[in-house]
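Dear colleague,

I am handing over the structure we discussed, and I would be glad if you would look through it alongside the notes below.

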Amino acid sequence: MAGDASPRADAARSATVRTEHADAATVAAALAPDETDSMRTRVDGDVVACAVERPTTGGLQSTLDDHLVNLRVADRVIERARDHAAATPDAANVDAADADAAHDDSLDSADEPQTTDTDTQPDT
């Protein structure tokens, strides 16, 4: 049918996800290692926009699902890092001797990695 308005079987499926973040550039950088050739991410102010194009609807759905999970993980890591930085005293105000003393007190033999020698040679 020449006048059929249904999509072509070989047409690509596409979607763009736009999300706002306190540190959009860092979120986008965290996502970069997991991106595939079918994804294009850009930062516009506090927005991360990811355009995805896949040949199938199922592939598009899987890629978007992975992207959304990765977005949430990146946001959580950044949030936890900020909380940790806010709770940690300014490193510039810590005296080097105090830092060395704290380091010496925090390590003991229990902190050493435990190893076991294993004989991997067959009995002959």
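What follows is a short account of the chain as a whole and then of its strands.

Please bear in mind that this is a predicted model, in which local features need pLDDT of at least 70 and side-chain atom pairs count only at pLDDT 80 or more, while totals for chains, interfaces and linings use all residues. Residues are numbered from 1 along each chain as its sequence is written, and side-chain values use heavy atoms, with hydrogens and water left out.

The protein chain holds 3 helices and 3 strands, taken as DSSP runs (helices H or I of at least four residues, strands E of at least two) and numbered from the N terminus; in that direction the order is β-α-β-β-α-α. Of the 124 residues in the protein chain, 18% are buried, that is, under 20% relative accessible area with a 1.4 Å probe, protein chains only. The accessible surface, by the Shrake-Rupley method with a 1.4 Å probe, comes to about 9,700 Å², and carbon and sulfur atoms account for 50% of that area. Where contacts (heavy atoms within 4.5 Å) link residues at least 6 apart in sequence, 63% of them join residues at least 24 apart.

As for pairing, which requires that DSSP find at least two bridges between two strands, β3 (residues 47-54) runs antiparallel to β1 (residues 13-20), with 8 bridges joining them, and β3 also pairs in the antiparallel sense with β2 (residues 39-44) over 6 bridges. A51 in β3 stands opposite T16 and also opposite R40. Finally, β2 and β3 form a hairpin with 2 residues between them, and G45 in the turn has a positive phi of about 65 degrees.

With kind regards

Technical notes:
Buried < 20%, exposed > 50% of the residue type's maximum accessible area, 1.4 Å probe, protein only.
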